[in-house]
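Subject: Structure handover

Hello,

Here is the structure I promised to pass on. Please open it next to this message. My notes follow below.

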Amino acid sequence: MPKTVQFTKDHIIRVALDIIRTDGASALTSRSISKRMGCSISPIFRTYVNMEELMEDLRRSAEKVLYDYVSDAVYYNPAFKEFGMRLIRFAREEPRLFHYIFMDVSGRNDSADRIARQCLKQTQSSFGINSQQANAIYSCLWPSVLGYAHLCHKNPEVYTEEYISEALSNHFLAQLLLLKSDNKVDTIEPCLVPSGERVYLRKWRESDASALFKLASHPELGPRAGWMPHKSVEESLNVIRTFFANNHTWAIILKESGTIVGCAGYHCSDTSNIALNQDEAEIGYWIAADYWNQGFCTEALSLVIEHCKRYRNISALYGEHFIDNPASGRVMEKCGFTDTGIRKNCPKLQFGSEKEVRVLCLSLSDAAERRD
């Protein structure tokens, strides 16, 4: 009777690593491993309880390969630069393994992170920085190193080793000079063009969920605009992800304090409450209760209109408001909207679908002709 071949964990993991290196992590299955070993899947599951246990061993082994590749960087000066260059070479020489370690496996790569921090710690004495400054440099440079590593194996002719070496040096020295100068860099906040006197518009971020909930949970705010008050931060986060994640809905921000005070934007014809042509849009806006009757909503709506005039091929803007909320209508009238005479219901509304609305319109055709 022929002797049964015994497969060890090391053998199985070596084969799995080879599959990743040649075909990528998406090709890794129990069948692909057994096929390359020349056996059935039975030996794999005699050795491992399940694929999850195998994948955990595989992750550690892949990290060990990377660790062996970059660990000697600690003997160079500056060590962090050598570490960065070695990581980038690793990405060039082991592209699929690099992708597996940093993109296919969830969570931070502890081995690379540990070596990177060791290298930066050695850099402290060479450049006269403390541990807090070193950590700040690490936080800024680590994503850059990973980004360049990814780019260099995708476009090696453009992102050569010389190009990346110079770029990493510039990043490091710029961050070093900034830290030593004790200057604080303000966060660059891209805002919609144009900007107002008191407010500006920017895209919503998921980190705005708590601020949105604070405003949108007010019992009177949502019903005036056709939606129900938010009940939790999670609901506000879902609204940001679902309804605000586009290029035509913006948070209204006070210039003086950076505080979110409302929302403004427009709906395209396919999501509008009004029957529109393809080159028409419906505006929408709301302002937090603490800021009612101070002109902020009018200023924000004016910015949306000006943006549409300058940069969008929109011939007309429409807006609507509940008959029992005339203040919303006055905002549009101050911005040049006129009454269309249309009175209707909006069945798509979350709240007030049975209530009558007044429809107003602003023609932008003159602005479109000037632009052409």
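What share of the contacts in the protein chain with a separation of 6 or more comes from residues 24 or more positions apart? Such residues account for 65% of those contacts. Please keep in mind that this is a predicted model.

**Overall form**

The protein chain has 15 helices and 7 strands. Its radius of gyration is 29 Å, while the globule rule gives 21 Å for 372 residues. The value is well over the rule, so the chain is more spread out than a compact globule. Along the principal axes, the C-alpha atoms fill a box of roughly 90 × 65 × 45 Å. Of the 372 residues, 45% count as buried. The exposed surface comes to about 20,200 Å². Carbon and sulfur atoms supply 50% of that area.

**The sheet**

The 7 strands form an open sheet with mixed pairing. Read across, the order is β1-β2-β3-β4-β5-β7-β6. The edges are β1 (199-203) and β6 (338-344), and each pairs on one side only. Neighbouring strands are turned by 30° against each other on average, direction ignored.

Ala281 stands opposite Leu317 in β5.

Helices pack on this sheet too. Helix α10 (residues 209-216) touches β3 (260-267) and β4. The direction of α10 makes about 90° with that of β3. Helix α13 (residues 296-311) lies across β1, β2 (249-254), β3, β4, β5 and β7 (357-363). Helix α13 runs at about 60° to β1.

**Aromatic rings**

The structure holds 12 aromatic pairs. Take Phe127 and Phe172: their ring centres are 4.9 Å apart and their planes stand at 70°. Angles over 60 degrees count as edge-to-face, so this pair is edge-to-face. Phe127 sits in helix α7 (residues 110-127) and Phe172 in helix α9 (residues 161-181). The pair therefore ties together parts that are 45 residues apart in sequence.

Phe127 is partly exposed, with a relative accessible area of 24%.

Tyr159 and Tyr163 are also edge-to-face, with centres 5.4 Å apart and planes at 85°. Tyr163 is partly exposed at 41% relative accessibility. There is a cluster as well: Phe80, Phe83, Phe98, Phe102, Tyr138 and Trp142 form one aromatic group.

**Backbone details**

Where are the cis peptide bonds listed here? One runs from Asn77 to Pro78, with omega near 0°. Pro78 is in the loop between α4 (51-70) and α5 (79-93). Another runs from Val193 to Pro194, with omega near 5°. Pro194 is in the loop between α9 and β1.

Asp182 is found in the loop between α9 and β1. Its phi is near 65°, a positive value in a residue other than glycine. Asp182 counts as exposed, at 69% relative accessibility.

Asn293 also has phi near 65°, again positive in a residue other than glycine. Its place is the loop between β4 and α13. Asn293 is exposed, with a relative accessible area of 76%.

Best wishes

Terms used: Residues are numbered from 1 along each chain as its sequence is written. This is a predicted model: local features need pLDDT of at least 70, side-chain atom pairs count only at pLDDT 80 or more; totals for chains, interfaces and linings use all residues. Side-chain values use heavy atoms; hydrogens and water are left out. Two strands pair if DSSP finds at least two bridges between them. Helices (H or I, at least four residues) and strands (E, at least two) are DSSP runs, numbered from the N terminus. Axes are lines fitted to C-alpha atoms, for helices over the stretch in contact, and angles run from 0 to 180 degrees between N-to-C directions. Contact means heavy atoms within 4.5 Å. The radius of gyration is taken over C-alpha atoms; the globule rule is 2.2 Å times the number of residues to the power 0.38. Buried means under 20% relative accessible area, exposed over 50%, partly exposed in between (1.4 Å probe, protein chains only). Accessible areas come from the Shrake-Rupley method with a 1.4 Å probe; for residues, only the protein chains shown count as cover. Rings of Phe, Tyr and Trp (its six-membered ring) pair if their centres lie within 6.5 Å; planes under 30 degrees apart count as stacked, over 60 as edge-to-face and the rest as tilted.
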